[in-house]
Amino acid sequence: MTSVVAVCNRALSKIGDELIIMSLDDDTKPARYCKSLYADTRDFVLRSYPWRFALKRYILAPLKDRPLFGYDYQFALPSDCLRLWKTEEEQRYQLEGRCILADRNIFAFIGISRVEDATQFDPMFVEALSLRLAAELAVPLSASVSLKENLTKEYQQFVQQAKTASAMEGIQDTYTQSGWVEARI
């Protein structure tokens, strides 16, 4: 079962640190840096790609105040939403700060939510997060800029692999039996 400490220890092992932390509250340099960097790094990796375990559907009602111009309604972006990924239908909208401006009086979308419970993480996300966290920890814990650069490249390559794997899991309307026949014609 994955935990925050397990993700941090995985990241520490990637920078060659033989210290294993037992808690983010340990009185050690690795624990202090993990505690300081973990949440922002987790949110960065979540936001960077629509990981399926973090997708969430939202339906919003408009705020009382309307936009000054350009759109008819505004909606508050939910506090757990890190990124608006896909709207219910093709519609014109604009994200400004933590508000969504749109022309419809209801705004439905799929967003990337902040998942804090590490037991909910996909195994590929765990690897991506540990690589990104290791890159962030590399300079403060090993004083190695080249290690940070290598880990950043490894992270980017791994996310590409994760995207490929994730794309294979989605439902694709064009791959129905009739879709295959139409595609061949």
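What volume does the largest pocket have? About 210 Å³. A pocket here is an open set of points on a 1 Å grid over the protein atoms alone, with protein on both sides within 12 Å along at least five of seven lines, and its lining residues have an atom within 4 Å of a point. Grid points are joined across faces, edges and corners, and the volume is the space filled by 1.4 Å probe spheres set on them.

Before the rest, the basis. This is a predicted model, where local features need pLDDT of at least 70 and side-chain atom pairs count only at pLDDT 80 or more, while totals for chains, interfaces and linings use all residues. Residues are numbered from 1 along each chain as its sequence is written, and side-chain values use heavy atoms, with hydrogens and water left out.

Back to the pocket. Its lining consists of Y49, P50, R52, L55, K56, R57, W85, K86, I110 and S166. Two elements give two or more residues to that lining, β1 (55-60) and β3 (81-87); β1 gives the most, with three residues. Strands are DSSP runs of E, at least two residues, and helices are runs of H or I, at least four, numbered from the N terminus. By class, the lining has five nonpolar, one polar and four charged residues. Nonpolar covers Ala, Val, Leu, Ile, Met, Phe, Trp, Tyr, Cys and Pro; charged covers Asp, Glu, Lys and Arg; the others, Gly among them, are polar.

Now the helices. Axes are lines fitted to C-alpha atoms over the stretch in contact, and angles run from 0 to 180 degrees between N-to-C directions. Contact means heavy atoms within 4.5 Å.

Helix α1 (residues 4-14) packs on helix α3 (residues 123-142) at about 55°, with the axes 7 Å apart. The two are therefore oblique to each other, a label for angles that are not under 35 degrees (roughly parallel), over 145 (roughly antiparallel) or 65 to 115 (roughly perpendicular). The contact residues divide into eleven nonpolar, one polar and three charged.

α1 also packs on helix α2 (residues 29-48), at about 115° and with axes 11 Å apart. That makes α1 roughly perpendicular to α2. V4, V7, C8 and L12 of α1 make this contact with P30, C34 and Y38 of α2. The classes are seven nonpolar, no polar and no charged.

Last pair: the axes of α2 and α3 come within 9 Å and cross at roughly 135°. α2 and α3 are therefore oblique to each other. On the α2 side the contact includes K29, Y33, L37 and F44, and on the α3 side F125, R132, E136 and P140 are among the partners. The division is 15 nonpolar, one polar and four charged.
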